[in-house]
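This report goes through selected local features of one protein chain.

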Amino acid sequence: SLDAPCRTCPDKPRASIAELASSLAQSGYDDRNIMLDDVRDVISADTVTPPAELTYRVAHTRDASEFRVSGLITTFDFVPLIEKYDQAGERRILDWGCGSGRMSIHIAEQFPGIKLTGCDIDAEAVAWCREHIPSGEFHVIDPAPPTTLPRGGFTSIIAYSIVTHLS
């Protein structure tokens with residue numbers, strides 16, 4: 001079923017797009033808030049989104065809009081940190097555990113011209129990223145170290161929702 005709980009985190013709360021919009025409105029955010037504008041754009045966007053089974057593996061939803069919004073909101077957590085701490089002339093960002101590109105898509109948009117690399121153990125998700133996120137380079141890695149990624153090859157490494165997938 002589309003609403004079946006995730007076997008890894010069955011108690012994870014879910015919020016629909018309508019609930020998210022209502023929560024943002026109730027919080028008193030100004031309509032000129034750039035993050036709200038981005039969220040609205042993503043909700044209404046007709047952009048490429050992974051197949052439902054790939055979005056479910058990563059974001060516990062098969063809804064394309066929910067997947068895009070969750071990626072954007074998660075990206076909002078990392079962008080200020082990258083801007084503050086990654087002062088490299090040429091940013092080289094690694095999305096560790098990129099899955100089917102939930103954050104990679106938005107990182108590429110937020111930082112045009114960066115060298116974006118993603119890695120994951122899910123070969124099907126990595127194949128999707130390779131085909132649909134042309135500005136990035138994506139690698140299948142083994143679950144156990146080491147990887148073939150270059151030591152010291154990145155100016156920032158982001159990882160989100162990795163620990164919940166470990167067993």
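H60 is found in the loop between α3 (52–59) and α4. The model is a predicted one. H60 has a phi near 60 degrees, a positive value in a residue other than glycine. Most residues other than glycine have a negative phi, and most peptide bonds are trans. The relative accessible area of H60 is 8%, under the 20% cut-off, so H60 is buried.

The peptide bond that joins P145 and P146 is cis, with omega about 0 degrees. P146 belongs to the loop between β3 (136–140) and β4 (156–159).

**Strands and a loop pair**

Strand β2 (residues 115–120) pairs with β3 in the parallel sense, over five bridges. The chain crosses from β2 through α6 to β3, and the β-α-β crossover formed this way is right-handed. Within the pairing, L116 has G136 in β3 as its bridge partner.

E90 sits in the loop between α4 and β1 (92–96). Its relative accessibility is 47%, so E90 counts as partly exposed. E90 and K115 are 25 residues apart along the chain, and their C-alpha atoms are separated by 7.6 Å.

**Nonpolar cores**

The largest nonpolar core has 19 residues, of which I82, I93, I107, F111, L116, F138 and I158 touch the most other members. Two or more residues of this core come from each of α4 (64–85), α5 and α6 (123–132). The element that gives the most to this core is α6, with four residues. A second, separate core has five residues, among them C119, I141, L149 and F154.

F111, named above for the largest core, is in contact with V79, I82, E83, R91 and I93 once its neighbours within four places in sequence are left aside.

**Cysteines**

How many disulfides does the structure hold? It holds zero. C98 is in no disulfide, and the nearest cysteine sulfur, that of C129, is 4.5 Å away. A disulfide is a covalent bond between the sulfur atoms of two cysteines. The cut-off for the sulfur pair is 2.5 Å, and the 4.5 Å from the sulfur of C129 to that of C98 is therefore too far for a bond. C98 has a relative accessible area of 3% and is buried. C129, at 0% relative accessibility, also counts as buried.

**S104**

S104 is in helix α5 (residues 104–110). Is S104 buried or exposed? S104 is buried, because its relative accessible area is 0%. Its side chain makes a polar contact with the side chain of D95, at 2.7 Å. Not counting residues up to four places away in sequence, S104 touches D95, C98, L116, I133 and F138. Of these, L116 and F138 are also among the residues that touch the most other members of the largest nonpolar core.

**Accessibility values**

The table collects the relative accessible areas given above.

| Residue | Relative accessible area | Class |
|---|---|---|
| H60 | 8% | buried |
| E90 | 47% | partly exposed |
| C98 | 3% | buried |
| S104 | 0% | buried |
| C129 | 0% | buried |

Key
Residues numbered from 1 in each chain as written. Predicted model: local features only at pLDDT ≥ 70, side-chain atom pairs only at ≥ 80, totals over all residues. Heavy atoms only, no water. Buried < 20%, exposed > 50% of the residue type's maximum accessible area, 1.4 Å probe, protein only. Polar contact = N/O pair within 3.5 Å; in protein donor to acceptor, adjacent residues only side chain to side chain. Contact = heavy atoms within 4.5 Å. Core = buried A, V, L, I, M, F, W, Y, C linked by side-chain atoms within 4.5 Å. Pairing = 2+ DSSP bridges. Right-handed = clockwise from strand over helix to strand, strands pointing away.
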